[in-house]
Amino acid sequence: MIINQQRLRYFHAVYTHGKICEAADYLNTDASVITRQIKILEGEIGHKLFKRGQRGVAPTNVAELLFKYHRKICEAEIALEISLQELHSMQRGSIRIAIPSAFLSVLMRVFDDFRLRHPTVYLHIEEIFESTKIIDQILSDTSDIGIADICPEAPDIHCYASVPLPLTLLVSRNHPLASKCKVTFAEAVSYPVSLPATGMILQTVHAIAESEKIQLCLSAFVSNSTTARKIFAATSPGVVFMSAFSAREEIKAGELIALEVDHPVFQSSKMALITRRGKPLLPATDQLLKLLRAELSIFTSPPKMDSQASAIQFGASNAE
């Protein structure tokens, strides 16, 4: 049986996203195109692939088999590329990386060093805000390496390396909480809070509020822009949940102060290098992972406020 690879790509997108509309957005095409191609594919193999449900589509047993078939094809292609690359001493190839913008600038030195060593190995770096989307990129083999601010316990995700990256409360230097070193979650959300529209921080805050029976007010400022939320914290009486590392420049300049949040969930946050478990890695990819792992210690050094910028002491002196 010869299966059209483009239709197989549409199938893979629907399978991994669980919704035709989300698969269409991911592939930048119309949902009607995907629906039509899935129907053609079902006709070619003689079996139904998806069942419609209230929250999207669910794969049939045949879809599970087809997904495994597609994964084996991808792994075989990678294995061939590895063999060819080994023959050419890592002189050719491409590596796709998904990374939050807040981490990109400090890791550019690693990427630049790698490119100097391997000028013909193509690096494709995509900035993605949500860690959940970075994980999706890894699971769907859209990206080879993910750098995320969570390390999920998922059977198909391999956490290559990780370092602690606690979430802190960012406030302006004139904020009523600025003189504290540690605050409770209840204290933090008693002020106007800026939350991202989606993602792990939003889910964490709502989950803690529910567990502690705290009624959250509507977010004072909603944005997936890290820069916009830092400006909100620095220029208003509001607060922002974010790692101190992501605001290191503003903290050094005395514009923001990072306070430790007295809650285990905020302290357990990590920054992780992730790959898909079982996926063959190109020799060049393995070398880049080693370079990135060696650089992770930079995330564990708390930013210090510039003494010339402000006389206020950095609040979360033990935060990262």
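Modeller: The expected span of a helix is 1.5 Å times one less than its number of residues. Please keep in mind that this is a predicted model.

Biologist: How do you know that α12 has the span expected of a helix?
Modeller: Helix α12 runs over residues 283-295, 13 residues in total. From its first C-alpha to its last it reaches 19 Å, close to the expected 18 Å.

Biologist: What makes a residue of α12 buried, and which residues are they?
Modeller: The cut-off for buried is under 20% relative accessible area. In α12, Ala284, Thr285, Leu288, Leu289, Leu291, Leu292 and Glu295 are buried. They cover an arc of only 165 degrees around the axis, so they sit on the same side of α12. As a rule, an α-helix has 3.6 residues a turn, so residues three or four places apart point the same way.

Biologist: And how much of the protein counts as buried?
Modeller: Of its 320 residues, 48% count as buried. The secondary structure comes to 12 helices and 13 strands.

Biologist: Why is cysteine 21 called partly exposed?
Modeller: Partly exposed lies between the buried limit of 20% and the exposed limit of 50%. Cysteine 21 has 46% relative accessibility, so it counts as partly exposed. Cysteine 181, with a relative accessible area of 47%, is partly exposed as well.

Biologist: How many disulfides are there?
Modeller: A disulfide needs a pair of cysteine sulfur atoms within 2.5 Å. By this rule the count is 0.

Biologist: What lines the largest pocket?
Modeller: The largest pocket holds about 630 Å³ of space. Its lining has 27 residues, and Cys74, Arg96, Ser140, Asp141 and Thr142 lie nearest its centre. The elements giving two or more residues to this lining are α1 (5-17), α2 (20-27), α4 (61-87) and β3 (93-99). By kind, the lining divides into 10 nonpolar, 9 polar and 8 charged residues.

Biologist: Which element gives the most to the lining of the second largest pocket?
Modeller: That is α6, with 4 residues. The elements that give two or more residues there are α1, α2, α4 and α6 (131-139). This second largest pocket has a volume of about 450 Å³ and is lined by 15 residues. Nearest its centre lie His17, Tyr26, Lys133, Asp136 and Gln137. The lining of the second largest pocket divides into 4 nonpolar, 5 polar and 6 charged residues.

How values were computed:
Residues are numbered from 1 along each chain as its sequence is written. This is a predicted model: local features need pLDDT of at least 70, side-chain atom pairs count only at pLDDT 80 or more; totals for chains, interfaces and linings use all residues. Side-chain values use heavy atoms; hydrogens and water are left out. Buried means under 20% relative accessible area, exposed over 50%, partly exposed in between (1.4 Å probe, protein chains only). The arc is that of the directions from the helix axis to the C-beta atoms. On a 1 Å grid over the protein atoms alone, a cavity is a set of points where a 1.4 Å probe fits but cannot get out, and a pocket is an open set with protein on both sides within 12 Å along at least five of seven lines; lining residues have an atom within 4 Å of a point. Grid points are joined across faces, edges and corners, and a volume is the space filled by probe spheres set on the points. Ala, Val, Leu, Ile, Met, Phe, Trp, Tyr, Cys and Pro count as nonpolar, Asp, Glu, Lys and Arg as charged, and the others, Gly among them, as polar.
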